[in-house]
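Please have the viewer ready.

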Amino acid sequence: VKRVPGYMFYFDQDQTNLPKLTRVIFDENSSMEQFGPFAMYIYREDVQVEEFRLPDSIFATHDSSSFFLKTKHCYIPNLANWCQSSFGSYTESNLICKAENLYIEGELLTATSEIVIPSSVEKISSKAFDRISRLRKVVLSEGVKEIGEQAFYGTSITQITIPTTLTRVGGYAFSSLSYSNVKVSISDVNAWSKIIFENVYLKRQ
């Protein structure tokens with residue numbers, strides 16, 4: 001399967017007799033390329049998918065789509081490919097923001113977890129970790145050059161390591177964070193001073 005058609009799993013709050021969707025699983029070697037508009041949109045607070053295993057591949061979600069999908073267990077099998085996938089411009093467009101339990105390469109993300117963005121990722125896509133409130137510790141490896149818009153919006157980051165290769169931080173990439181509570185580790189002040197920050201907004205407390 002390379003594409004999930006638009007509205008394939010679309011259910012709104014007015015619908016009755018909903019099918020029981022319990023698991024959505026993509027094979028480990030999936031060649032998935034695109035989620036169509038509103039392909040995974042279940043706008044029901046009373047419906048939760050038990051298990052959602054995302055594709056291992058780099059994929060794109062339709063730009064004009066939201067993905068209101070409550071999941072009990074959500075799995076990202078390949079962090080590098082996830083960071084390079086393309087997410088829509090709408091709120092809740094990254095498929096994982098409503099996951100109760102998020103597993104990254106097999107490890108459950110907790111308040112003490114540290115995720116390391118590998119050096120193979122030159123750009124972290126916009127909204128890649130949007131609204132992942134449990135995300136607190138991030139290491140950007142040498143090789144990461146750009147952070148997309150709202151990439152870490154709505155997270156709870158308290159520690160982040162910045163590489164010397166970083167050149168641009170997109171608009172609102174870290175909005176919702178309090179600058180007094182974030183520890184930023186840099187190894188080269190000169191490289192840090194050359195980073196372009198676009199519309200950065202951090203709370204005072």
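The second largest pocket is lined by Phe26, Asp27, Glu28, Arg53, Leu54, Asp56, Tyr75, Ile76, Pro77, Tyr103, Glu105 and Gly106. A pocket here is an open set of points on a 1 Å grid over the protein atoms alone, where a 1.4 Å probe fits, with protein on both sides within 12 Å along at least five of seven lines; lining residues have an atom within 4 Å of a point. About 180 Å³ of space lies in this second largest pocket, and its lining has six nonpolar, one polar and five charged residues.

The model is predicted: local features need pLDDT of at least 70 and side-chain atom pairs pLDDT 80 or more, while totals for chains, interfaces and linings use all residues. Residues are numbered from 1 along each chain, and side-chain values use heavy atoms, without hydrogens and water.

Now for the strands, which are DSSP runs of at least two E residues; two of them pair if DSSP finds at least two bridges between them.

| Strand pair | Sense | Bridges | Bridge partners |
|---|---|---|---|
| S3 (residues 23-25) and S6 (residues 49-53) | parallel | three | Ile25 and Arg53 |
| S6 and S8 (residues 71-76) | parallel | four | Arg53 and Tyr75 |

Elsewhere, the largest nonpolar core has 52 residues, and Phe35, Ile117, Ile124, Phe129, Ile147 and Phe152 touch the most other members. Such a core joins buried residues (under 20% relative accessible area, 1.4 Å probe) through side-chain atoms within 4.5 Å.

Note on methods
Grid points are joined across faces, edges and corners, and a volume is the space filled by probe spheres set on the points. Ala, Val, Leu, Ile, Met, Phe, Trp, Tyr, Cys and Pro count as nonpolar, Asp, Glu, Lys and Arg as charged, and the others, Gly among them, as polar. Buried means under 20% relative accessible area, exposed over 50%, partly exposed in between (1.4 Å probe, protein chains only).
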